[in-house]
Amino acid sequence: MADPATYRPAPGSIPESPGVYRFRDEHGRVIYVGKAKHLRQRLNSYFADFSALHPRTQTMVRTAARVDWTVVATEVEALQLEYSWIKEFDPRFNVRYRDDKSYPYLAVTLDEDFPRVMVMRGARRKGVRYFGPYSHAWAIRETVDQLLRVFPVRTCSAGVFKRQHQLGRPCLLGDIGKCSAPCVGRVSPEEHRLLAEDFCDFMAGHTTRFIKRLERDMREAAAAQEYERAARLRDDIRALERALEKQAVVLPDSTDCDMIAFAEDELEAAVQVFYVRGGRIRGQRGWVVDKVADVTTADLVEHFLIQIYSESESVPREVLVPALPPDEEAMTELLSEQRGGPVRLRVPQRGDKKALLETVARNAHEALKLHKTRRTSDLTTRSRALQEIQDALELDEAPLRIESYDVSNLQGTNVVASMVVFEDGLARKGEYRRFTIKAVEGQDDVRSIHEVITRRFKRYLAETEKTGELDHLGDAADLEEGAHQPIDPETGRPRKFAYPPNLVLVDGGPPQVAAAQRALDELGVDDIAVCGIAKRLEELWLPGEADPVVLPRNSEGMFLVQRIRDEAHRFAITFHRQRRSKSMTMSELDNVPGLGPARRAALLKHFGSLKRLKDATPEQVAEVPGIGMRSAEGIVAALHGAGVPPGRPGAGGGDGGGIGAGVDGEHRGRRS
C-alpha cells in the first residue's frame, strides 16, 4: 500500500478545467478512471483529508502509486473519454455492469442479400436490426410464427438456403406459405428486402398502417367476390392482432421510452430495464454490478447510461430513471448526439409511468435477491462461506447454526425484535421467532437487544434443564437436513428454544454487541460466540475489541452474513408493521363488550367519527340499523366510562338487540 502523500500532485499543477483522470498502481495499470467538471477540486478531495474518505475509496487511493489527467473542452467530451478509458483499461475500482444472463434478441440480418429473421444472443453485429431483448427464446419464435403469415421472410440458415437453391425446390415453410422462397426465385432480392423492412417496421411499433392496409384489401376482395383471398387476409389480420396481444399495452401508443430502476445494498446493485415501444413492453433486461467505490444511485444511473447507450443505436426519445445523474445536461446532450435527435431524461413523479417504474424496481429487487440466493444454493459455496466466517472470527468450529437478532420500532413505539435462524448456510424459517419488547420504554436498541437475548437464552436454559443435560452446540446429527426439533415430554410439542447457536449475530456495532455478551454472561452461557454487523461499512464487531473484523467485500462469508442480517431486518420490519397497523385500527369501541366489527363499522359510518358518537344520546345511537335501545344504552355507558349496567346489554332476553346478540355473530354462542 502506497502513501497518497508520496504521489500527490504539486500545488497549482492541476488545471481548473473539465477533464478525466486516471489512478495507476505501482505497475502502471489503470485502477480507476473518473471525470470532473473541475479537475483541481476533484483530485484535491482525494488527498486533503484521507480519514474522511469512504473506506473503499481509501483502499483505491492507497493502492494507487500515481495519478494523471487529460483536459477536455466540455463535460460531454469528459463523459465520452471516461467511457472510452473504462472500456479500454477495465479498471478494478470502477463500476462494471455484468449482464445477469444471456438474453435472446429477435434479429433481422439486413446486411445479407436475402435478410433472415432469427434468434440471436451475445455480441451485436453491425448491419443487423435487433428487437428485444426477450425473456425466453420461445417467446420470439411464437411471435415470428404469427408474423410469417403476413411477412414471409426467410428464416433458414445459410446451409439450408444453399441446399434448397441447388435442389430447385423450396423447404416446408415455402410450401405452406410462411416463406416467400427467395432460394428458388419466387421473389426478387428487392421484393424480399421490402418484406424484411416491413417486418422491421411492424416490430418497431408501426403496426396501424399494416392492419389498415390488410383490412382495406380484405374489403376490396370481398366486394370483388374473391372470398378465398378475403378469408386469407382476414386470417392475416388475426395473426397480427395475436402477435400484438402477446405484448402488454401499458402506456399510450405514441410512447417510446426505456424505464430503468435499481435495487442496491452496500456491496452490489441490480438494474432492470423495460423497453417500451409504441406503448407496449417489448423487452426486459437486467444487470448486476459490484459497488467497488462509494457511489450513490445517481452515480449508478450515470455509469449505466454511459456504458449501455454509448454503443447502442436504439436510444429512445425518453429515458425514465429513479434519480437524475449528477451531470444531467451533459448526459442528455450525449444521448441526443447518439440518437440523432432530442432525448428527454427524467424521473416520473405521478401517473402510469411512475407506477410502471415501481414495477421495474420490484423486478430489480427480485433480481438482486435471486442473485444472492444463487450464491447460497451451492453446498460448496456455503461451506466456503462458513469456513471464512470461522477463520475471520477465530471460532473453534464452523458456525453451522447462526441466530441473528434485529430490533424495529418507529420513534420508540411498537418496539419489536426478530430472531432468524440459518443452519448450514440455509434459512430455517420454521424456527424464526418474534419478540415484543416489554421492559424497555422508547427507542433504545441496546437495552432491547439485552432483553431479547436474555429472554431467548433463559428459555434455552429452562428447556434443556428438563432433559437433565445441555444440548451439544452444533451437533452434526441435529443439524442434518430434515432433522426434527426435540419434543417436550410434558406437552408433546417441539421445544422452541432447545437448540443453541454456534454464533449470535446482532444488527449493530460495539454497544449492541456488548449488550448481547453481557446478557449471556449474566446467564452463565459462555460457549456461544457473539458478533455484530455495522450496516454502513459492513464491519464485524467482536465483544471487547477496539477494531472491527473486515471480511473481503466479495467473499462468500460476507455475502452470507449480509443475507442473514437482511433477513432478520425483513422479519423484524414485517412484525413491526403488523403491530403498528393493529394499533392504528384500534379504538375505544373495541373495549365495548359484545360489539362486533360489523356494528362498530356501522356506528362509525353513521356518526362519521368517534367524537360525534360520544356526544350522541342513546336514542340517536338506536337509530343505527341493527342497534336496539338496550344496546345503545350499553354503548353510551361504556364510552363514558360508566361500565355496562348489570342485567342490561349482554344479558339474555330483551328486544334481541343486546350487545351479546351482535348481528355479526361474534358472540351468538353465549346466548341461552
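This is a predicted model: local features need pLDDT of at least 70, side-chain atom pairs count only at pLDDT 80 or more; totals for chains, interfaces and linings use all residues.
Local features need pLDDT of at least 70, side-chain atom pairs count only at pLDDT 80 or more, and totals for chains, interfaces and linings use all residues. Residues are numbered from 1 along each chain as its sequence is written, and side-chain values use heavy atoms, with hydrogens and water left out.

**Overall fold**
- The protein chain holds 20 helices and 19 strands. These are DSSP runs numbered from the N terminus: helices are H or I with at least four residues, strands are E with at least two.
- Of the 672 residues in the protein chain, 49% are buried. Buried means under 20% relative accessible area, exposed means over 50%, and partly exposed is in between (1.4 Å probe, protein chains only).
- Among contacts (heavy atoms within 4.5 Å) with a separation of 6 or more, 63% join residues 24 or more positions apart.

**Second largest pocket**
- Its volume is about 760 Å³.
- The lining has 20 residues; His 365, Lys 369, Asp 566, Glu 567 and Arg 570 are the closest to the pocket centre.
- Strand S8 (257-264), helix H12 (351-376) and helix H16 (556-585) each give two or more residues to the lining.
- A pocket is an open set of points on a 1 Å grid over the protein atoms alone, where a 1.4 Å probe fits, with protein on both sides within 12 Å along at least five of seven lines; lining residues have an atom within 4 Å of a point.
- Grid points are joined across faces, edges and corners, and the volume is the space filled by probe spheres set on them.
- The lining divides into 13 charged, 4 nonpolar and 3 polar residues. Asp, Glu, Lys and Arg count as charged; Ala, Val, Leu, Ile, Met, Phe, Trp, Tyr, Cys and Pro as nonpolar; the others, Gly among them, as polar.
- The pocket lies between domain 3 (258-375) and domain 4 (380-466 + 498-551), because both give residues to its lining. Domain bounds come from an automatic or database assignment.

**Positive phi in loops**
- Glu 394 is not a glycine, yet its phi is near 55°. Glu 394 sits in the loop between helix H13 (379-393) and strand S13 (401-410). It is exposed at 69% relative accessible area.
- Asp 424 also has a positive phi, near 55°. Its loop runs between strand S14 (413-423) and strand S15 (426-427). Asp 424 is partly exposed at 26%.

**Ile 281**
- Ile 281 belongs to strand S10 (residues 280-290). Its relative accessibility is 23%, so it counts as partly exposed.
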